Each structure stands twice: as C-alpha cells, then as structure tokens.
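Please keep the sequence and the structure in view while reading.

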Amino acid sequence: MPLQAPADADRAAATVLLFVLGSALGPAAQVSLTRRLSKNGKDAEQQLADTMARAAEIAKPYPRLRARLDTPAAADYSAAPDNTFAFGLQAILDGIRARLADGPHGDRT
C-alpha cells in the first residue's frame, strides 16, 4: 500500500495516542475495580485474593496456565513486566520507521 504522507502521519499519531491511552487505562481500571469491590464495606483486596485462589484452582490441570498465574501480571491486576510501556512504544515507533524507510511507494501491507 503506498504511503500517503498526511493520512499516514494522522494514523501514526493516532496509533501512538491510543497506545498511551490504553496504557493509562490499566491503572485507572485498577482504581475503579477496587472502588467498586469496596462498596458496602467489603474488602476489595480479599475479594481479589479469593478470585485469584479460585483461578489457581481452575488452572491446576493446565500447567502453562498455572505458570502464568505465578507472574506479577497475574498477582496484581494492573501489573506488567518492567519496561512494558517503553517496549511497546518502541515497537510502534520501529514499525512506523520501517514503513517510512520503504519510501512513498512502499509495498508493506
């Protein structure tokens, strides 16, 4: 697909913006979930712990799933491996750079 400078610039900017917004939603969702679970005086942390214990029970027959439940991302609702944001942003920028390197009549699809 040939590159179209103004349209491609808009798409690139939108991609980066949506990535940034999506990355910010994780922590915001954690706060929202904690508030929702805490309504009526309930202990949100205990409810999350109970849910994770149930997930671990369900995962017992599945070794790979069980292994994923031992990661920081599974232990903390909004956790992610270190440098996840930087890695994702760099991957997006690398992709944009690669498309630009193909020139105005690149054939990347």
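At what angle do helix 1 and helix 5 pack, and how far apart are their axes? In this predicted model, helix 1 and helix 5 pack at an angle of about 170 degrees, and their axes lie 11 Å apart. Angles over 145 degrees count as roughly antiparallel, and helix 1 and helix 5 are therefore roughly antiparallel to each other. On the side of helix 1, the residues that take part are Ala12, Thr15, Val16, Phe19, Val20 and Ser23, and they meet Phe85, Gly88, Leu89, Ile92, Leu93 and Ile96 in helix 5.

Helix 1 has a further partner to consider. Helix 1 and helix 2, the latter covering residues 44-59, pack at an angle of about 105 degrees, with 8 Å between their axes. Since angles from 65 to 115 degrees count as roughly perpendicular, helix 1 and helix 2 are described as roughly perpendicular to each other. Helix 1 contributes Gln30, Leu33, Thr34, Leu37 and Ser38 to this contact, while helix 2 contributes Ala44, Gln47 and Leu48.

These pairs belong to a chain that contains five helices and zero strands, so that its pattern, read along the sequence, is α-α-α-α-α. Among the contacts between residues at least 6 apart in sequence, 56% join residues that are at least 24 apart.

**Charged pairs**

Side chains of opposite charge can pair when their charged atoms come close.

| Asp8 | Arg11 | 2.7 Å |

Asp8 and Arg11 both lie in helix 1, where they are three residues apart, which is about one turn of the helix. Asp8 is buried, because its relative accessible area of 17% falls under the 20% cut-off, whereas Arg11, with a relative accessible area of 43%, is partly exposed.

Asp94 and Arg97 lie in helix 5, which covers residues 84-101, and because they are three residues apart there, about one helical turn separates them. Asp94 is partly exposed, with a relative accessible area of 35%, while Arg97 counts as exposed at 51% relative accessibility, a value that is over the 50% cut-off.

In the remaining pair, Glu57 is partly exposed, with a relative accessible area of 42%, and Lys60 also counts as partly exposed, at 49% relative accessibility.

**The surface**

Of the 109 residues of the chain, 11% count as buried. The chain exposes about 8400 Å², and carbon and sulfur atoms supply 62% of this area.

Which residues form a nonpolar patch on the surface? The patch is formed by Leu17, Leu18 and Leu21, which together have about 300 Å² of accessible area. Leu18 lies in helix 1, which covers residues 5-38. Is Leu18 buried or exposed? Leu18 is exposed, because its relative accessible area of 58% is over the 50% cut-off.

Technical notes. Residues numbered from 1 in each chain as written. Predicted model: local features only at pLDDT ≥ 70, side-chain atom pairs only at ≥ 80, totals over all residues. Heavy atoms only, no water. Patch = residues over 30% accessible without salt bridge, like charges linked within 9 Å, V, L, I, M, F, W, Y side chains within 5 Å. Areas by Shrake-Rupley, 256 points an atom, 1.4 Å probe, with all protein chains shown as cover. Salt bridge = Lys/Arg side-chain N within 4 Å of Asp/Glu carboxyl O. Helix = DSSP H or I, 4+ residues; strand = E, 2+ residues; numbered from the N terminus. Buried < 20%, exposed > 50% of the residue type's maximum accessible area, 1.4 Å probe, protein only. Contact = heavy atoms within 4.5 Å. Axes fitted to C-alpha atoms, helices over the stretch in contact; angles between N-to-C directions. Parallel < 35°, antiparallel > 145°, perpendicular 65-115°, else oblique.
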